[in-house]
Amino acid sequence: MHIVEKLFIQGLIIVVILIAIQGWLNRVQQSFMSYLPPIGFALLLFVTYFVQPIILGATNIALINTLHKTRGWQVGIWLNGIFLLLAFTTLNLVLQVALSLPFLPTIGIIDLLLSLPFGCLARLSNGGWTKPID
Amino acid sequence: MGKTSSKLLQGLVRFMNKSLVKNLIVMALCVAFLFVQIFYPYSYYSSAQRKPNSTFQVGIDYVYEQDNLSMIYGQVAQIHDLGFKVLRIDFQCDPLFYSASINQMTDMLFNATSHYGLAVALAIPNDETVANLNYYLDRWGGNLTYIQIMNEPETSSSWEVGALFTDDEIISAFNNLYAAVESHDLSAQLYTNFGVGYVLRSNIPIELSQKLNFVGLDIYMNSFLVLSPLFIENLQAITHKNVVITEFGMSTADSAAQTDYIISGLNLFKSMGLKGCWIVYWNSEYDNYGIRGTPTETAVGDWIAENAK
């Protein structure tokens, strides 16, 4: 498989996960905040900034190791995940503020169109080793 | 030349591919993204007038009980002449004596606002009784355009130290006042205002906004002005209601700082497409919020003439 295809697939999978989680969080935000306040709010923060980055970071390194035949990782899973999350939410915030676009479907479609650059960012933000690590 | 560039690029890639370097780059970018998220919305909206043709209503909080009876009519006229469209007032009445001094002042105020066509927003305090509220609304309710049910309830029941409301207390007090207001069948729009502390008790605006026409947000201090686009967007998202800035001001003896702060806020809120911003205060005896007779009064009047006709 060509490197560009690998990066596109990696970016597409990461972006789809990000859109799905963000869409779900937008839908359930009120329910979280209304659940046994302030426990629900704390749970929302926990899911957004702890669980979500771990899912993203783990998926990203799994994709890198599968597509690029490497092992291990250079950047911690949570840090890599929060980096991808912040890159995604910053882009969305800029689009939302500057162009007054709604997250779904417009910004979601733009995000999907940016799968390749996002794949490059995801690939460069972490990496495995081509030799055994132990 | 080509070979040298290629070698340099390969060297750079090898250097960046080191785990330590990559970790540092990722962390630095995370910090950069955070800064963009915090400052970009304010910077975008305040750098230029994004919605120059949108309607924008500037209001002001008039503490008329601190003036003499004979001054009130003239003050309302002055406020009207400056271009303000809304007058926000505190809940002031004496239900025991019909002709009490404070009742005469309230009569005078509503005579003036009716004459000049100013919309009036009544702020009902958190600890107000239903009996007093009924008296007020029976006597003056028809003059009101907006009724504020409770004041920053997420903060406290009163301004006494340690007077923090529980959620149950807020909701039951709100429901009592809301039922009393509704029983008068007035045409006034209902709202409740929140301070930025609502983010820690977001269930309160979510719960209360279901019975309101819009929600208010109170902005004080430069730091919260910079963060206000994020708060406004969040408050709109969780309540599904329009947000109006219902308290906005700065207590300082430095008129230049006060003017800069208020004008930059007005520019920001108009640029964001909000319906309006109500300044605190017109007059203020015990602190430096009042803009009456200061250069800020003139600057705000000029701003309204240019931007909020």
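1. Helices here are DSSP runs of H or I of at least four residues, strands are DSSP runs of E of at least two, and both are numbered from the N terminus. A:Leu36 sits in the loop between helix 1 and helix 2 (39-67) of chain A. Its phi is near 35°, a positive value in a residue other than glycine. A residue is buried if 20 or more other C-beta atoms lie within 10 Å of its own, exposed if 12 or fewer, and partly exposed in between, with C-beta atoms placed from the backbone. A:Leu36 counts as exposed because it has 10 C-beta neighbours inside 10 Å.

2. On the source. This is a predicted model, in which local features need pLDDT of at least 70 and side-chain atom pairs count only at pLDDT 80 or more, while totals for chains, interfaces and linings use all residues. Residues are numbered from 1 along each chain as its sequence is written, and chains are lettered from A and ligands numbered from 1 in the order in which they are written.

3. Other backbone points to check. A:Lys69 has phi near 55°, again positive in a residue other than glycine. A:Lys69 lies in the loop between helix 2 and helix 3 of chain A. It is exposed, with 9 other C-beta atoms within 10 Å. The peptide bond from A:Leu104 to A:Pro105 is cis, with omega near 5°; A:Pro105 belongs to helix 4 (residues 103-113) of chain A. In chain B, the bond from B:Val280 to B:Tyr281 is cis, with omega near -10°. B:Tyr281 is in the loop between strand 8 (276-279) and helix 10 (295-307) of chain B. Most residues other than glycine have a negative phi, and most peptide bonds are trans.

4. Chain A overall. It has five helices and zero strands. Its C-alpha atoms fill a box of roughly 50 × 35 × 20 Å along the principal axes. Of its 134 residues, 32% are buried.

5. The interface. In all, 23 residues of chain A are in contact (C-beta atoms, placed from the backbone, within 7 Å) with 22 residues of chain B. On the chain A side, helix 1 (3-34) and helix 3 (77-99) are the elements that give two or more residues. Helix 3 of chain A supplies the largest share, twelve residues.

6. Chain B domains. Chain B is divided into domain 1 (2-44) and domain 2 (56-307), with bounds from an automatic or database domain assignment. Their C-alpha centres lie 47 Å apart.

7. The cores. A nonpolar core is a set of buried Ala, Val, Leu, Ile, Met, Phe, Trp, Tyr and Cys residues joined through C-beta atoms within 7 Å. The largest has 78 residues, and B:Leu87, B:Ile245, B:Cys277 and B:Ile279 touch the most other members. Apart from it lies another core, of 22 residues, among them A:Ile14, A:Trp73, A:Leu121 and B:Phe33.

8. B:Ile219. This residue is in strand 6 (residues 214-220) of chain B. Beyond four places in sequence, its contacts include B:Phe224, B:Ile245 and B:Phe248. Its C-alpha atom is separated by 6.2 Å from that of B:Glu247, 28 residues away along the chain.

9. Helix 5 (residues 130-140) of chain B. Its buried residues are B:Leu133, B:Tyr136 and B:Leu137. The face turned away carries the exposed residues B:Ala131 and B:Asp138.

Definitions and conventions:
Contact = placed C-beta atoms within 7 Å.
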